[in-house]
Amino acid sequence: MSSHEQDRPAINGWYELFSRGARDWLRHSDKIRDAVREHLPQIIAGSDVINHGSRSVQVPVRMLEHYRFRLRPDAEPSGVGQGSAKPGDVLGEPNPSGGAGQKGPGGRGRGGPELMLEFKVDDVIDWLWEDLKLPNLQPKVGPSDETQWKREGWDRRGARSRLDRRRSLRESLKRRASDPGSHAFTDEDLRYRQLARRRQPSVNAVVFFLLDVSGSMTERDRQLSKTFFFWVAAGLRREYQSLDIVFVAHTTDAWEFNEADFFKVTGTGGTVASVGLAKVADIIEARYASNAPNIYLFYASDGDNASDDAAAARGELTRVAGRARYSGYVEITAGSPRITMTETSRIFQDCVGKAGAGGRFVIAGPDDVATAVRHFFTAESRCAQEAST
Amino acid sequence: MSQDWRGLVPQLEDLARKLGLDWSPVIFEAVPDSFMTEIAVYGLPVRMPHWSFGARYIYQLVQRHMGYSRLFEVVFPGNPGHAYLAASNGLSDNILVTAHVLGHADFSKNNMMFRRCQEQGSAHIVEHAASHARQIERNIEAYGQNAVERVLDAALSLEQYIDLDQALRRERYPEYAATAKPLVDDAFRARFASLDGAPLAGTARKARAPVPPHPERDLLWFIATYAPEMESWERDIFLAVREESFYFYPVYATQIMNEGWASYWHARLLREAEFIPQPAYLDAIKCHSDVVRPIAAGEKSALSVNPYHLGFTLWEDIVERHGIAAAQRIRAEDDDFSFLRNYLSKEIAADMGLFRYEGQANGQYKVVAGDIESVREGLLHGKYNFGAPRVAVVEVRSDGTLVLEHDAKTDGRGLDVERTRKVLDYVKSVWRRPVVLKTVDGAAKAVEIYASAAA
């Protein structure tokens, strides 16, 4: 087709200014985000943020459907085509899945193209940690309350850096509305953000992540545990300012890791839970005996423990749980939860109730991770209840 | 060849007039391709905002990006009519498009269904739709995005449910049932009725007519008029969507005729316009054959029929057999349903290679023998009732429950339950009373579908 620039009529520039389609598309995206938010467990489970350290999560989503009345799929779809075909000819590619009801022109039932939505990890933490907090958290015993500067209200005087331009413009508009023709801005219009000093009770806390990396923990089990720990750590860091997280992994031996290495750790060999618990207890005594912070333990394991370790593990757990505000046990199982209680689970049930508050949760698949986080960090009443049972 | 296509417009118009075309003035405007995409998605140059248009818009952009579809022009009937041309059209494209637009303009001025709708207001649909859009923007400011969106979700999901046999400005039903006729029409009764005196007790009370007095298929109008607790701005949104549907229906119901007619005329005008430069003419003819091509290049057959090709073929045949005057009468009186039934003959169908096919379990399609009736029916099947299942209001119960009924017998099967429930949820949010729909399930057993309690 011959297309010469000079043949083309000049375009009214107005059209470039605003796109209805783009605006409505943004609205569609907003709605999809809200809808996807309800599928938080899948977002959390499907993320590979731990391995790649990225700050966003990609989730495949369907376009939203605006519903209309539609007939149920035709059992005998038919239509009219055109071309060189005789009765008896067969057209089209066979559909391997052979899904009845998917056939017929127009692709009935397919929800349109998929698109990838990207969520910021911070946003996901926001949704996940809405209303969540550390259970049984107590203000620190002792003096130093922390103070914090918080934004509060506006003033007519203040430092240049705290000038609120939007607010000032509004004042200017108000003034000019009542007195048209006056100056655009006067000193009277300027508004500054006020800061106020607020006392915050200091909540010192230390959280222990103890991970069983023995040979019986498969790659999948480890990944699930780490996903759990990742979202707990990310959430805790956001919620609490003065917080230590201690990362410990064990097989028949136990090691403390820094955060980055902890999320990469793998191991082989047997499982001796008491060694890991002892390591935690030792660290508590060595580092946190004097200033008595809120101590938390979260232990992830598949529940298989060396048969001759039961007594030792009970002893060490009692030691930790006695000091801790809360001791949580996350058991990773393959598929459906087991009917009989595992060794480690029984140890937790027996010791934690007596020595201090705590709870257990079984993660059977990726979708349970979010529920697990919510289970442990929801309400104090639940902890108390579990502690008493 | 620096000649602007606009320079050729007067000559094309003179020729068209000489050949018997009759149209209201058309304003031509070249717009960016992105705007053409929007017109295709919204159906109107400026239309109310809704997220569902956004989803379709992105889909179209992707399609266009991959080269699947290209829009040359969109024309809106009216006096004056508006024709939007893609700015990326070359000179030869625009010659063809201008001729094509004249065909559409003749069609929309003379086709009776178009005329009827234009007389009722859709002659100014471009302006009306823009004013609806503006009103809805104001509603969003006043009542918030979510509240307005809730209403639009409902109204747009019912946009096919209008009744074209009724006027756009429609009165409420008569409040009272028609008074019963006198039992016997004899002289005695006539004399008795003429006597002075108070009427007997009870005879003065007229019976209230039920609402609706008959199954009502204009759901948009019914809900806007009889919803017990709808805000007036919500009713206005329903009526705005309805007015736009009154404009869309003739476009929809005459698509094959209308595109065929415009294609017939652009081909004929090009053939007879000696003033078009030869290279541009050749390019335009090539463009024409792309537009009316029945099957994609390299394919032997297609599972759908190109309406341009179908309409074009029928009009060529009609003009050849019956002459231009008969063709003009048909263009005035028919719609796609009568057009295909009257003029798609067995011979034409065979010439065009139209065939019936049936879907198989493995997703393939089997070509089957079919008479011309079944071919026509297959082409028209999806177009009945604005392409939507037949649903009507049959009752409003004393507790305000809206009872809808699906005509499963005519449609051949029941409604998709999940989607129906979602639509009922939309409707319930404006009806503000329970909503129920009667249809049949897979085993043709009667079922009732309710809107969810929370909606």
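This is a predicted model: local features need pLDDT of at least 70, side-chain atom pairs count only at pLDDT 80 or more; totals for chains, interfaces and linings use all residues.
Strand S8, residues 402-406 of chain B, belongs to an open sheet of four strands, in the order S7-S8-S9-S10, with mixed pairing. The edges of this sheet are taken by S7 (391-396) and S10 (446-450) of chain B; each has a single partner strand, so one side of each is left without a neighbour in the sheet. From one strand to the next, the twist averages 25°.

What does S8(B) do with its neighbours? On one hand there is S7(B), which pairs with S8(B) in the antiparallel sense over five bridges. Here B:Val396 stands opposite B:Leu402 of S8(B). The two strands S7(B) and S8(B) make a hairpin, with five residues between them, and in the turn B:Gly400 has a positive phi of about 90°. On the other hand there is S9(B), residues 435-440, whose pairing with S8(B) is parallel and runs over four bridges.

Helix H19 of chain B, residues 417-431, lies across S8, S9 and S10 of chain B and runs at about 155° to S9(B). Helix H19(B) has a helical partner as well, namely H7(B), residues 145-157; the two pack at an angle of about 125°, with their axes 8 Å apart. That angle makes H7(B) oblique to H19(B), and the crossing of H7(B) and H19(B) is left-handed. From H7(B), the residues B:Arg150, B:Val151, B:Asp153, B:Ala154 and B:Ser157 meet B:Val423, B:Tyr426, B:Val427, B:Ser429 and B:Val430 of H19(B). Sorted by class, this contact of H7(B) with H19(B) has six nonpolar, two polar and two charged residues.

Helix H1(B), residues 5-18, packs with helix H4(B), residues 91-110, at an angle of about 35°, and their axes are 10 Å apart. The crossing of H1(B) and H4(B) is right-handed. On the H1(B) side the contact involves B:Trp5, B:Leu8, B:Val9, B:Leu12, B:Glu13 and B:Ala16, which meet B:Leu91, B:Asn94, B:Ile95, B:Thr98, B:Ala99 and B:Leu102 of H4(B). The tally by class for H1(B) with H4(B) is nine nonpolar, two polar and one charged.

Stepping back to the whole of chain B, there are 19 helices and 10 strands. The C-alpha atoms of chain B fill a box of roughly 90 × 60 × 50 Å along the principal axes. Chain B has 455 residues, of which 42% count as buried. Among contacts in chain B with a separation of 6 or more, 74% come from residues 24 or more positions apart.

Chain B also meets chain A: 56 residues of chain A are in contact with 76 residues of chain B. On the chain A side, the elements giving two or more residues are helix H1 (20-37), strand S2 (78-83) and strand S3 (90-91). Helix H1(A) provides the largest share of that side, nine residues. By class, the side of chain A that touches chain B divides into 21 nonpolar, 20 polar and 15 charged residues.

Which strands of chain B pair with S2(A)? One of them is S5(B), residues 354-359, which is joined to S2(A) by five bridges and runs antiparallel to it; in S5(B), B:Arg356 is the bridge partner of A:Val80. Strand S4(B), residues 301-302, pairs with S2(A) as well, in the antiparallel sense and over two bridges, and there A:Gly83 has B:Ser301 as its bridge partner. Strand S2(A) is mostly covered, with five of its six residues buried. Strand S3(A) reaches across to chain B too: two bridges join S3(A) to S6(B), residues 365-368, and the strands run antiparallel. In that pairing A:Leu91 has B:Tyr365 of S6(B) as its bridge partner.

Conventions
Residues are numbered from 1 along each chain as its sequence is written. Chains are lettered from A and ligands numbered from 1 in the order in which they are written. Two strands pair if DSSP finds at least two bridges between them. Axes are lines fitted to C-alpha atoms, for helices over the stretch in contact, and angles run from 0 to 180 degrees between N-to-C directions. Two residues are in contact if their C-beta atoms, placed from the backbone, lie within 7 Å. Ala, Val, Leu, Ile, Met, Phe, Trp, Tyr, Cys and Pro count as nonpolar, Asp, Glu, Lys and Arg as charged, and the others, Gly among them, as polar. A crossing is left-handed if the near helix is turned anticlockwise from the far one by less than a right angle, and right-handed if clockwise. Angles under 35 degrees count as roughly parallel, over 145 as roughly antiparallel, 65 to 115 as roughly perpendicular and the rest as oblique. A residue is buried if 20 or more other C-beta atoms lie within 10 Å of its own, exposed if 12 or fewer, and partly exposed in between; C-beta atoms are placed from the backbone.
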